[in-house]
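Colleague: I've never looked at this one before. Could you walk me through it, a piece at a time?

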Amino acid sequence: MSRQRLHGLFAALLVVSCQPAPPPPLPDPGGAWTLPAATTASASFIRPTPVLDRTEQLDFWTGFAFFRDPWVAAPASTRARDGLGPLFNARSCVACHSGGGRGDSVRHRPDTVSTVFRVALEKSNGRQPHPVFGRQLQPRATYSLDADVERVAGFFVGEPRPTVRTLTQTSDRSTLSRVSAHVQGHPDVVLSGRIAPALHGLGLLEAIPEERLIELADPNDTDGDSISGTVHWRKMPSGAQRVGRFGWKAVHPSVAEQTAEAFQQDIGITSQRRLQPNCTRRQAECKVQPTGANEPGSPEIVDDLFDRVVAFTANLAVPAARPVDSRQGRQLFHAANCDGCHVPSHSVEMQNGAVSTIWPYTDLLLHDMGPDLADPVTHGDALLSEWRTAPLWGLGLALRLNQSTGLLHDGRAATVDEAILWHGGEALRSREFFEELSTSERQALVRFVLAL
């Protein structure tokens with residue numbers, strides 16, 4: 001070999017040896033439930049977990065049909081799909097969870113149906129459930145007491161639609177915004193906006209053992225780290241106590257309970273778990289509207305179809321982590337003690353009995369997030385300032401799929417940076433750590449979160 005070729009070879013080897021080692025890949029967030037990276041470019045989370053057999057896949061896609069297609073008012077020829085309302089927010093599940101992802105923020109779309117408003121009545125002795133509007137405002141209806149009322153999108157105006165405005169304040173190096181909503185003519189009504197969350201990986205979150213969540217709870221902050229997550233215990237109709245893990249306040253212990261609540265409150269469809277229509281005692285006209293039930297006292301969605309919607313929701317696969325260099329961001333994430341609430345991993349037992357490690361970055365517990373995030377409407381036994389730790393897996397994909405969504409319970413934060421800067425209470429030290437970071441360090445931390 002000539003000297004010139006040898007020099008060229010040595011030079012090439014030197015270049016290769018000087019190349020930095022590729023960053024270690026992030027683990028598969030959902031273990032065996034993780035979608036291959038090549039399939040996550042689609043503008044949808046609606047993909048079944050890879051471990052489903054053919055029968056389970058059939059149930060999944062049947063459930064998807066009832067998740068996607070709109071419900072109609074009763075009576076109708078489509079007996080399996082009638083019973084909409086009488087009061088409702090949306091006609092289908094997908095109207096709020098587009099592509100199985102996060103809903104629209106009222107900051108971007110004030111008339112969106114995918115941010116709902118919980119409601120309470122302000123009285124001298126405290127806030128109470130509203131005697132007319134119930135627990136949640138449903139601005140659409142299948143009926144009207146006033147024949148002169150104009151229909152909107154083919155339906156009557158139901159309960160009042162909130163008037164929404166965005167308030168801004170300057171914090172650190174950012175301008176933060178929040179949503180303020182009120183009902184015109186009802187000064188004693190208080191509202192809390194709740195944006196529809198993404199649905200992937202719910203079956204895995206339900207598979208995390210209750211013992212694990214109880215073990216993570218530290219209500220008295222015995223370790224002195226200022227983080228004192230608490231279990232939101234929920235009493236079932238049987239009298240048994242279950243650990244709440246779904247919903248912004250961790251009020252539902254299972255995907256089935258969460259699904260039944262959404263059907264009843266958002267679409268007005270009764271199920272075996274929620275047999276009462278979403279009418280209050282004072283809404284007499286609402287109570288006498290036609291029902292989609294096959295016989296009096298039976299649910300509008302039969303058990304078999306309800307179970308398939310639950311199977312669809314519980315088996316949405318988790319997208320693969322993004323292949324970016326997240327080493328510095330991961331170090332900063334742990335240094336800020338973000339993992340004190342966003343606990344990285346848990347062991348779950350898969351359907352075939354195998355044990356797998358999942359990486360949702362949540363403890364599913366309630367944490368006091370401080371006065372700036374305090375909610376004006378109570379839910380279950382959670383305090384006004386307590387919120388369930390939101391999972392972080394798939395967050396980057398969720399933000400890419402819906403440009404009109406937002407973060408935190410009401411969608412007020414447009415970016416991860418804003419969401420962090422709203423943190424207070426138990427997360428105050430983590431927020432202060434983030435505030436002290438340089439711009440490049442902040443970007444590295446956010447890049448890591450968006451890669452999960």
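This is a predicted model: local features need pLDDT of at least 70, side-chain atom pairs count only at pLDDT 80 or more; totals for chains, interfaces and linings use all residues.

Modeller: Residues are numbered from 1 along each chain as its sequence is written, and side-chain values use heavy atoms, with hydrogens and water left out.

Colleague: Fine. What volume does the largest pocket have?

Modeller: Rolling a probe the size of a water molecule over the atoms shows where empty space is left. On a 1 Å grid over the protein atoms alone, a pocket is an open set of points with protein on both sides within 12 Å along at least five of seven lines, while a cavity is a set where a 1.4 Å probe fits but cannot get out; lining residues have an atom within 4 Å of a point. Points are joined across faces, edges and corners, and a volume is the space filled by probe spheres set on them. For the largest pocket that comes to about 540 Å³.

Colleague: Which element gives the most to the lining of the largest pocket?

Modeller: The lining has 25 residues, with Arg-118, Arg-135, Arg-234, His-379 and Gly-380 nearest the centre. Helices (H or I, at least four residues) and strands (E, at least two) are DSSP runs, numbered from the N terminus. Strand 2 (115–123), strand 3 (126–128), strand 9 (233–235) and helix 5 (255–267) each supply at least two lining residues. The top contributor, with three residues, is strand 2.

Colleague: Let's do helices. Which helix do the buried residues of helix 2 pack against?

Modeller: Helix 2 covers residues 54–68, and its end C-alpha atoms are 21 Å apart, in agreement with what 1.5 Å a residue should give; the expected span is 1.5 Å times one less than the number of residues. Buried means under 20% relative accessible area, exposed over 50% and partly exposed in between (1.4 Å probe, protein chains only). The buried residues here are Phe-60, Thr-62, Gly-63, Phe-64, Ala-65, Phe-66 and Phe-67. They pack against helix 7 (303–314).

Colleague: Is Arg-81 buried or exposed?

Modeller: Arg-81 sits in the loop between helix 2 and strand 1 (87–88). Leaving aside neighbours within four places in sequence, its contacts (heavy atoms within 4.5 Å) include Ala-65, Phe-66 and Trp-71. With a relative accessible area of 14%, Arg-81 is buried.

Colleague: Which cysteines does a disulfide join?

Modeller: A disulfide is a covalent bond between the sulfur atoms of two cysteines. Here the rule is a pair of cysteine sulfur atoms within 2.5 Å, and the count comes to one. The link is left-handed, with -60° about the S-S bond. At 1.9 Å from S to S, the pair is Cys-279 and Cys-286.

Colleague: Where is Pro-86, the one with the cis peptide bond?

Modeller: The bond from Gly-85 to Pro-86 is cis, with omega near 10°. Another cis bond joins Ala-74 and Pro-75, with omega about -5°. Pro-86 lies in the loop between helix 2 and strand 1.

Colleague: Last one: what is the phi of Asp-221?

Modeller: Asp-221 is in the loop between helix 4 (210–216) and strand 9. At 23% relative accessible area, Asp-221 is partly exposed. Although Asp-221 is not a glycine, its phi is positive, at about 50°.
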